[in-house]
Amino acid sequence: MSGIWRLSRVKSSFSGAAPASRTMKVDLSAGGLTVVIETVVNNGRGADEGQQIVRYSAKLDGQDNPIDGSALDRIAFRRIGPRVLERTGKVRGEATETQRWTLSPDGKVLTLSTMGSSDTEDYSRTEVFER
């Protein structure tokens with residue numbers, strides 16, 4: 001899963017507005033993973049527009065870790081298969097989002113399937129990233 005991944009907007013689906021672009025850098029090692037996500041938003045809502053950067057590091061042990069630049073304040077990862085990780089996102093200690101990462105058998109496509117809820121609505125998205 002390590003590498004630089006670029007969002008395919010054509011292959012992805014969002015319950016809300018899709019970002020203009022998204023790039024994710026993943027460094028996965030035996031000790032865990034470090035992720036930096038750069039997103040460009042162009043949705044006409046003013047304050048949400050521009051570049052957003054999310055950063056986190058986590059072990060794959062299911063324990064909470066901080067996340068910077070996100071509406072979530074904690075995340076926890078665990079490996080659930082040889083090519084599958086699961087991330088749980090929390091806000092104020094309450095799990096609000098689940099995200100499953102699935103790497104294709106050839107290692108060229110990383111799919112993130114997300115389901116969650118915010119204060120105002122439920123949301124889902126399937127993000128397809130390619131190398």
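The chain has zero helices and 11 strands, where helices (H or I, at least four residues) and strands (E, at least two) are DSSP runs numbered from the N terminus. Its radius of gyration is 14 Å, close to the 14 Å that the globule rule gives for 131 residues, so the chain is as compact as a globular protein of that length. For that comparison, the radius is taken over C-alpha atoms, and the rule is 2.2 Å times the number of residues to the power 0.38. Along its principal axes, the C-alpha trace spans about 40 × 35 × 20 Å.

A word on the ground rules: this is a predicted model, in which local features need pLDDT of at least 70 and side-chain atom pairs count only at pLDDT 80 or more, while totals for chains, interfaces and linings use all residues. Residues are numbered from 1 along each chain as its sequence is written, and side-chain values use heavy atoms, with hydrogens and water left out.

Now pick out β10, residues 109-117. In a regular strand the side chains alternate between the two faces of the sheet. Here Leu110, Leu112, Thr114 and Gly116 point to one face and are buried, that is, under 20% relative accessible area with a 1.4 Å probe and protein chains only.

Next, look at what flanks β10. Strand β9 (residues 94-103) pairs with β10 in the antiparallel sense over seven bridges; two strands pair if DSSP finds at least two bridges between them. The β9-β10 hairpin has five residues between the strands, and Gly107 there takes a positive phi near 75°. Strand β11 (residues 122-130) also pairs with β10 in the antiparallel sense, over nine bridges, and a hairpin of four residues joins the two. Thr111 is a handy landmark: Thr102 has Thr111 as its bridge partner, and Thr111 stands opposite Val128 in β11.

Finally, the largest pocket has a volume of about 1400 Å³. A pocket is an open set of points on a 1 Å grid over the protein atoms alone, where a 1.4 Å probe fits, with protein on both sides within 12 Å along at least five of seven lines; lining residues have an atom within 4 Å of a point. The volume is the space filled by probe spheres set on the points, which are joined across faces, edges and corners. Of the 42 lining residues, Arg22, Ala71, Glu97, Tyr123 and Arg125 are the closest to the centre. β11 gives the most to this lining, with six residues.

Definitions and conventions:
Buried means under 20% relative accessible area, exposed over 50%, partly exposed in between (1.4 Å probe, protein chains only).
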